[in-house]
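Please look through the model shown here before reading on.

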Amino acid sequence: MADIRFDGKVAIVTGSGGGLGRQHALELARRGAKVVVNDLGGSVDGSGGGSDAANAVVEEIKAFGGEAIANGSSVTDDAGVALMVKHAMDAWGRIDILVANAGVLRDKTFAKMEIADFEFVLNVHLLGTVKPAKAVWEIMREQNYGRIVCTTSSSGLYGNFGQSNYGAAKLGIVGFMNTLKLEGQKNNIHVNAVSPVAATRMTENLGMPQEIFDRLKPEYVTPGVVFLCSEEAPTGCIMTAGAGAFALARIVETEGVYLGEGGLSVEEVRDNWSKITDPAGQQAYQAGGEQTGKFFRKLQGG
């Protein structure tokens, strides 16, 4: 089969001054895409800022003959996001791909966490995905083409101690993706999410053994992300990726049990809990007809 190429395509990769985003930007450029390298240049907790990181990635891309421009906008700043999109449109006249990768960490247990830290992380991850997506949405609709890759996390899908802010934001991104995949279908806009595990500055303090850390290179995630940017990409998928392993994560619903409506009690729910939670016959949730049909079959006792 032919190689996947992005000749003539324009990509924005947020948070691409280092780590995962840098690898995504480099690989898209190697395969012909023109890339906006967006990075605020701050520390892991979101403080500070600067253009050095984004400029360095642009120079890497230019060194192998690719095209790229740097942008230092914050993904939470409306004017900055608009400027990022304007830079891309002024330079190349279209935007085909958005990889929403920017992120920060402010980990603490919920008991010790300040609401300001919760809001900050939520803004960077969730609104920092929503705002760039909104800024490119009409462009993609008019083109009848677009690929958006959001970055979720196992902390959102499954939870992680000390990351209530991060986990809430990351699962919120999945909910956002699940609606955009429906609204974008008629205009050939495919929206997916990646849940990566990689050795970056955001994970270097997790205490993993060095031999494990060494196997979690960001470039082992990038092939999956770049596939989700391609014309052949599915839509509405959550891809997990790390150390060269790739899988599909799904939200499932058990077959459950119909308990009727007349005289329904708390005790009936308790007494049927094993049936309600029985994984036999569980299905991945799908918005629309299949799940609605299942609901009405339950009502009919089917």
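Helices (H or I, at least four residues) and strands (E, at least two) are taken here as DSSP runs, numbered from the N terminus. On that basis the protein has eleven helices and ten strands. The model is a predicted one, in which local features need pLDDT of at least 70 and side-chain atom pairs count only at pLDDT 80 or more, while totals for chains, interfaces and linings use all residues. Residues are numbered from 1 along each chain as its sequence is written, and side-chain values use heavy atoms, with hydrogens and water left out.

Of the 302 residues in the protein, 42% are buried, where buried means under 20% relative accessible area, exposed over 50%, and partly exposed in between (1.4 Å probe, protein chains only). If contact is taken as heavy atoms within 4.5 Å, then among the contacts with a separation of 6 or more, 70% are between residues 24 or more positions apart.

On the α1 side the contact involves R22, A25, L26 and A29, which meet V57, E60 and I61 in α2. By class, this contact of α1 with α2 has five nonpolar, no polar and two charged residues, with Ala, Val, Leu, Ile, Met, Phe, Trp, Tyr, Cys and Pro counted as nonpolar, Asp, Glu, Lys and Arg as charged, and the others, Gly among them, as polar.

A second pair is formed by α3 (residues 78–92) and α4 (residues 115–143), with axes that come within 9 Å and cross at roughly 40°, which makes α3 oblique to α4. Here too α3 passes α4 in a right-handed crossing. D78, V81, M84, V85 and M89 of α3 make the contact with K131, P132, A135, V136 and I139 of α4, and these residues divide into eight nonpolar, no polar and two charged.

In the loop between β5 and α5 lies S153, which counts as buried at 6% relative accessibility. Leaving aside neighbours within four places in sequence, S153 is in contact with Y166, K170 and S195. The C-alpha atoms of S153 and L171, 18 residues apart along the chain, are separated by 7.6 Å.

Two further loop residues deserve a look for their backbone. Most residues other than glycine have a negative phi. N144, in the loop between α4 and β5, has a positive phi of about 55° although it is not a glycine, and counts as partly exposed at 41% relative accessibility. A243, in the loop between β7 and β8 (245–249), likewise has a positive phi of about 55° without being a glycine, and is partly exposed, with a relative accessible area of 38%.

Conventions:
Axes are lines fitted to C-alpha atoms, for helices over the stretch in contact, and angles run from 0 to 180 degrees between N-to-C directions. Angles under 35 degrees count as roughly parallel, over 145 as roughly antiparallel, 65 to 115 as roughly perpendicular and the rest as oblique. A crossing is left-handed if the near helix is turned anticlockwise from the far one by less than a right angle, and right-handed if clockwise.
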